[in-house]
Amino acid sequence: MTLLRVEDLKKVYADGTAALNGIDLTVEAGEFIVVIGPSGVGKSTLLRCLNRMVQPTSGKVLFQGTDTTGVSKRKLREIRRSMGMIFQGFNLVERLSVLANVLHGRLGYMSAWRGALGLFAKPDVAEATRLLQRVGLGEQLHKRADELSGGQQQRVGIARALAQKPQLILADEPIASLDPASSEIVMNSLYTFCKEDGIACLCNLHQVDVAKKYATRIIGIYKGTKVFDGTPEQLTDEMIDYIYNQHNDKASDQSEADGRLARALKKETA
Ligand SMILES: Nc1ncnc2c1ncn2[C@@H]1O[C@H](COP(=O)(O)OP(=O)(O)OP(=O)(O)O)[C@@H](O)[C@H]1O
């Protein structure tokens with residue numbers, strides 16, 4: 001079942017920066033897709049256009065068949081709670097408890113005033129507690145969020161996203177600020193829980209080796225354009241070189257960079 005379909009998505013920021021130049025992609029239920037590419041090619045913008053944290057300039061984002069770019073505020077809220085978001089910098093409320101942070105994942109299901117007063121229903125508290133036990137933080141419920149290590153904070157972020165009962169998780173560089181051991185725990189948790197709960201995931205990563213380890217499909221972005229969409233096995237060294245190698249930028253003319261892409265694509269289909 002197609003969960004998400006993106007058609008010709010473009011984003012030009014107010015200062016004229018063209019971050020996305022017309023992206024097409026689909027996400028099927030249960031896929032774990034990793035988006036790779038160096039810094040500044042548009043990966044964050046892509047994820048943020050999907051849940052409308054960033055307003056696309058043009059193109060369509062269809063979530064379960066509904067075009068999110070033309071929906072009412074009420075419908076957008078409903079769509080947003082189906083898309084959990086995990087951030088590089090965790091985005092926790094540091095002075096609040098770990099449990100309260102996970103309960104924030106339930107805000108999309110509550111009236112604004114109940115949410116503002118923190119009047120969470122008992123089943124929500126029970127579910128948040130269960131999720132924290134699931135991510136291995138059952139002993140830390142009442143600690144302040146900023147008392148946890150980075151890896152633990154990101155596991156709170158995962159529990160918060162799961163508390164939304166999402167169908168899709170958007171993870172923007174979830175391990176960029178973590179050490180290798182914490183990165184592995186976070187990626188294993190994210191992958192395992194998505195699989196167990198049947199949640200699709202679109203995860204931005206810098207690290208190609210990590211992408212290859214977890215992804216069911218990899219999307220390569222280069223300067224706002226999708227240049228690769230295939231399985232980890234189909235991602236050739238030539239394509240990785242094209243996506244990451246800064247000498248594309250130093251190519252004396254566009255045809256040199258285009259030639260490099262053509263050669264990489266030829267290898268990919270060979
Ligand atoms: N609010 C903004 N206003 C203007 N330009 C922006 C804005 N946000 C991002 N950009 C620019 O858009 C381009 C894509 O940025 P984006 O953050 O999406 O890339 P990225 O691949 O996610 O990079 P990183 O991995 O460093 O986050 C960059 O040139 C960036 O400077």
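**Exercise 1.** Decide whether isoleucine 240 is buried, exposed or partly exposed.

*Solution.* Count first: isoleucine 240 has 18 C-beta neighbours inside 10 Å. Then apply the cut-offs: buried needs 20 or more other C-beta atoms within 10 Å, exposed means 12 or fewer, and partly exposed is in between, with C-beta atoms placed from the backbone. So isoleucine 240 counts as partly exposed. Helices are DSSP runs of H or I, at least four residues, and strands are runs of E, at least two, numbered from the N terminus. Last, list its contacts (C-beta atoms, placed from the backbone, within 7 Å). Leaving out residues up to four places away in sequence, isoleucine 240 touches Val208 and Leu235.

The model is predicted: local features need pLDDT of at least 70, side-chain atom pairs count only at pLDDT 80 or more, and totals for chains, interfaces and linings use all residues. Residues are numbered from 1 along each chain as its sequence is written.

**Exercise 2.** Work out the strand order of the open sheet of 4 strands.

*Solution.* Strands pair if DSSP finds at least two bridges between them. The order is β2-β1-β4-β5, with antiparallel pairing. The edge strands, β2 (18–28) and β5 (66–67), each pair on one side only. In one of them, phenylalanine 63 partners threonine 66 of β5.

**Exercise 3.** Find the contacts of cysteine 201.

*Solution.* Skip residues up to four places away in sequence. Cysteine 201 then touches Phe32, Ile33, Ile169, Ala171, Leu190 and Cys194.

Key:
Contact = placed C-beta atoms within 7 Å.
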